[in-house]
Amino acid sequence: MIRRLRQLLPMLLLLLAATHVRAAIEELEFASEEEEARYNKLIDEMRCPKCLNANLSGSDAPIAADLRAEIKEQLQEGRSDDDIIEFMTARYGEFILYRPRLSASTVLLWFGPLALLLGGFFIVRRMLAAARASIVDATLSPEEQQRLHAMLKDGKES
Amino acid sequence: MSNRAKLFIPAVFFVTMLGLLFYGLGRDPNQVPSALVNRPLPVFSEPDLFDPSKTISSEQLRGGIFLVNVWGTWCAPCHYEHPYLVEISEREPELTFVGVNYEDDVKAAREFLEERGNPYKINLTDVDGSLGIDFGVSGAPETFIVDSSGTIRYRHVGPIDNAVWAETIEPVLAQIQ
């Protein structure tokens, strides 16, 4: 067992090391810290068109590198975040935004879960109310009380 | 609603979900919807692959049906689709094939076409990938069908072969003509 572990240890260490590899390491210079912050926010919130579920900052795909460069260039040209988002969605569609904008086609996405939750809440409430209403009056009349006592005593119905 | 009808609600819900999931299974998640379909061709002006002193502009892609193919010698699926493109371009002379050599070594691209045949009537280069971004490509190969009014009608991601041509591109062309 211990020998097994000893054999496995280097591999486990390698696995740990692998998690520290950043997908994209680029040395970039920005005019200001504010610009750099905007850049980082944009590349974190935009999706790599090639990889389905990675943002631009976390993707190794060549197109992600190109789009990062494009964003940086546009920031340096003084374009606003909205301009850049507009530029990207005109070419890559809503798909590129990890946080989809509120529009007719995304209403369901934004409010669907809330609607389902509220729907579930009302259904449970109605079910509980129905269950409560179906509970019959459990108090016994004096005769019934007597019969119950007799039954408990004899162990059989008289 | 009668209580009897209410009993069917979970069943209807279940079948609907099943249908949606089944529909999702049949879809290729790599087929990302394109923002450019049914939009005009992006405006561009890029150097000719064989004569960089000349430029080719989007204005030249008018008055016919164009097939714009984004490719590069660095891209393995492009090597796979190349012989099909050569064959299809011979079979479909009414289509104008436009090759966008994407983020490539221009010399290698010229040699590639000289060696293996050139399916494109128009060849342009996009060395820095900016035209690729304007087309909204996610890589190569990608193919766009442009109609005679200069509107993009279809985008295909991935290599084209005879099966893809018959199943997806031909119906689009039939619709345009």
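A few ground rules come before the rest. This is a predicted model, in which local features need pLDDT of at least 70 and side-chain atom pairs count only at pLDDT 80 or more, while totals for chains, interfaces and linings use all residues. Residues are numbered from 1 along each chain as its sequence is written, and chains are lettered from A and ligands numbered from 1 in the order in which they are written.

How confident is the predictor? The pLDDT, its confidence in each residue on a scale from 0 to 100, averages 83 in chain A, with 80% of the residues scoring at least 70. Residues 19–23 of chain A fall below 50, and this stretch has three contacts in the model beyond near neighbours in sequence; two residues are in contact if their C-beta atoms, placed from the backbone, lie within 7 Å. Chain B averages a pLDDT of 92, and 97% of its residues score at least 70. For the complex, the predictor gives an ipTM of 0.79 and a pTM of 0.73.

Chain A has six helices and zero strands. Of its 158 residues, 13% are buried. A residue is called buried if 20 or more other C-beta atoms, placed from the backbone, lie within 10 Å of its own, exposed if there are 12 or fewer, and partly exposed in between. Among the contacts in chain A with a separation of 6 or more, 46% come from residues 24 or more positions apart.

Back to the helix pair from the opening. Two packed helices are described by the angle between their axes and the distance between the axes. Helix 2 (residues 33–45) of chain A packs against helix 3 of chain A at an angle of about 145°, with the axes 10 Å apart. The axes are lines fitted to C-alpha atoms over the stretch in contact, and angles run from 0 to 180 degrees between N-to-C directions. Helix 2 of chain A brings Glu35(A), Arg38(A), Tyr39(A), Leu42(A) and Ile43(A) to this contact, and helix 3 of chain A brings Arg68(A), Ile71(A), Lys72(A) and Leu75(A). By class, that makes five nonpolar, no polar and four charged residues. In this scheme Ala, Val, Leu, Ile, Met, Phe, Trp, Tyr, Cys and Pro are nonpolar, Asp, Glu, Lys and Arg are charged, and the others, Gly among them, are polar.

The two chains meet through 14 residues from chain A and 11 residues from chain B. On the side of chain A, helix 3 (62–76) and helix 4 (81–92) each give two or more residues. Helix 3 of chain A gives the most, with five residues. This side of chain A has eight nonpolar, two polar and four charged residues.

In soluble globular proteins, nonpolar side chains tend to be buried together. A nonpolar core is a set of buried Ala, Val, Leu, Ile, Met, Phe, Trp, Tyr and Cys residues joined through C-beta atoms within 7 Å. The largest one has 32 residues, and Val68(B), Val98(B) and Phe144(B) are among those with the most contacts inside it. Strand 3 (65–71) and strand 4 (95–102) of chain B are among the elements that give two or more residues to this core, and strand 3 of chain B gives the most, with five. A second, separate core of 16 residues includes Ile43(A), Leu75(A), Tyr92(A) and Ile133(B).

Ala140(B) and Pro141(B) are joined by a cis peptide bond, with omega about -5°; Pro141(B) sits in the loop between helix 5 (130–134) and strand 6 of chain B. Asn38(B) has a positive phi, near 70°, and counts as exposed because it has 11 C-beta neighbours inside 10 Å. Glu103(B) also has a positive phi, near 45°, but this residue counts as buried because it has 21 such neighbours.

Notes
Helix = DSSP H or I, 4+ residues; strand = E, 2+ residues; numbered from the N terminus. pLDDT = per-residue confidence, 0-100.
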